[in-house]
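Please open the structure in a viewer and keep the selection tool at hand.

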Amino acid sequence: MDAYPAFRAVDVSLRDGSTVRIRPVRPDDGPAVLDLFDRLSPDALRMRFHGLHRLTAEEVQRFTSVDYDRTFGLVAETAAGRSGVIALANYVAVSDRHAEIGIAVDDEHAGRGIGSIMIEHLGEAADAAGISVFEAEVLTSNAAMLEVLRQMRLPVEQSVASGVVHFEFPTSPTPEAVEAFELREGIAAAAAVARFFTPRSVAVLGASRRRGTIGGELFHNILEMGFEGPVYPINPSADVVQSVAAYRTLDDIPGPVDLAVIVVPAVHVLEAARACGAKGVGALLIISSGFSEIGAEGRELQRELLSIARGHGMRIVGPNCMGLINADPTVSLNATFSPIYPDSGRLAFSSQSGALGIAVIDRARQLGLGMSTFVSVGNKADISGNDLLQYWEQDDGTDVILLYLESFGNPRKFARIARRVSKNKPIVAVKSGRSTAGARAAASHTGSFAA
């Protein structure tokens, strides 16, 4: 067997804004793959095997013991590890240039875009192995798979016989397929950001009774602006926070929580993130500092934080940020500790510096310019300027986009997205940190020490 291609493991965004990890299959995935097929509905099994079928030990071994060249497999998994495999995709070479593919997706996760993403990643591996054409046999009644192939916009050759469609399509994407991929990517990014700007409910972990503290001011601002949804203060030492009944833990909250704002010391953030994952929270806004901005120890803490979030399908803004605002009167969310709130308008603003963010919001008010949304991205552990651009591209409430950037995570991707978005919405971007002094300032941009 060839060496395990760990470089092909990647976290991907789905069309609902959540994430899953896709990685090459391993021989020890056998129990998880068997469990996946045991969970499939009779209809899903019929679509996969063209008839009712129970996976045999020999088939499990064939799916999981691959050479990563002529045979290859991918799994999509959640944080639960081996028991968290929710999809399997594989190919088997049938000639020098052709390979047959097959896909199985857990019924509970169907319709999230997993199938098309796995085909794309499977195609990359096949292309690198010299395989140029995929073949697939799909029942004419398998509407879901037929739609996946249609949306990928690949040049497909097909023939139909006895209720089965035989497909052949290239492993290497065409310009039309790349365009379709970028469209799906934009939808996923916008859905991820929407979790932060349009939550139905908010919990503040570290909400404080004391005004003048970050936890106190942030919780006060959410209440003051009249957020259109329930707001839950989490404080294990208080029964009431600023006249609102408090909860000791997230588990004590009777209803769902869409957005969790974390304002606790860095040493408690991982624990808070795990609690959010168990509660089913979709978005984490992490104000707390003490992560990558402080050095190696903080970078490791931030990696652990991202791993927890990825495993539970949660998205992160921050850490080490001042929060976010949606000034739309139908939402009225001010999840920042800033004393200044913008008027409602059509400017969208992202700042990697909290202090500069406050200054620009203040100046915009003086000029009579309103904002649709504002976000301080902090360390950009997850949600980045690229994600925000794709959200604002689709946001009917935004006409102009302002960006203050201290670093680029993926400059080429930023340039590609910015060129597309700016055709319809002007982008005004400022990049700092080019000088030595600017770089020092960028390294300590926010200073939001939660205690």
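**First stop: a salt bridge across the chain**

Select Arg365, which at 39% relative accessibility counts as partly exposed (buried means under 20% relative accessible area, exposed over 50%, partly exposed in between, with a 1.4 Å probe and protein chains only). This is a predicted model, in which local features need pLDDT of at least 70 and side-chain atom pairs count only at pLDDT 80 or more, while totals for chains, interfaces and linings use all residues. Residues are numbered from 1 along each chain as its sequence is written, and side-chain values use heavy atoms, with hydrogens and water left out.

Asp343 forms a salt bridge with Arg365, and the closest N and O atoms are 3.6 Å apart; a salt bridge is a side-chain nitrogen of Lys or Arg within 4 Å of a carboxyl oxygen of Asp or Glu. The pair links distant parts of the chain, 22 residues apart: Asp343 belongs to the loop between β17 (333–336) and β18 (344–351), and Arg365 to helix α10 (residues 354–366). Helices (H or I, at least four residues) and strands (E, at least two) are DSSP runs, numbered from the N terminus. Asp343 is partly exposed as well, with a relative accessible area of 36%.

**Salt bridges within helices**

How many salt bridges does the structure hold? There are 25 salt bridges. Side chains of opposite charge can pair when their charged atoms come close.

Select Arg39 and Asp35 next. These residues form a salt bridge whose closest N and O atoms are 2.4 Å apart. Because they are 4 residues apart in helix α1 (residues 30–39), about one helical turn separates Arg39 from Asp35. Arg39 is partly exposed, its relative accessible area being 31%, and Asp35 is partly exposed with a value of 31%.

Move on to helix α5 and select Glu147 and Arg150, which lie 3 residues apart, about one turn of the helix. Their salt bridge brings the closest N and O atoms to 2.5 Å.

**A run of paired strands**

Select strand β2 (residues 19–24), which is mostly covered, with 5 of its 6 residues buried. Strand β1 (residues 10–13) runs antiparallel to β2, and 4 bridges join them; two strands pair if DSSP finds at least two bridges between them. Asp11 stands opposite Arg21 in β2. β1 and β2 form a hairpin with 5 residues between them, and Gly17 in the turn has a positive phi of about 95 degrees.

Continue to β4, which runs antiparallel to β3 and is joined to it by 7 bridges. The bridge partner of Gly73 in β4 is Asn90. Since 8 of the 9 residues of β4 are buried, this strand is largely enclosed by the rest of the structure.

End this stop at β5, which pairs with β4 in the antiparallel sense over 7 bridges. A hairpin of 4 residues joins β4 to β5, and Ala93 has Ala99 in β5 as its bridge partner.

**The second largest pocket**

By class, the lining has 19 nonpolar, 12 polar and 12 charged residues; Ala, Val, Leu, Ile, Met, Phe, Trp, Tyr, Cys and Pro count as nonpolar, Asp, Glu, Lys and Arg as charged, and the others, Gly among them, as polar.

**Last stop: two cysteines**

Finally, select Cys276 and Cys321. A search of the whole structure finds 0 disulfides, a disulfide being a pair of cysteine sulfur atoms within 2.5 Å. The sulfur of Cys321 is 14 Å from the closest cysteine sulfur, in Cys276, which is too far for a bond. Cys276 counts as buried at 0% relative accessibility, and Cys321 is buried at 0%.
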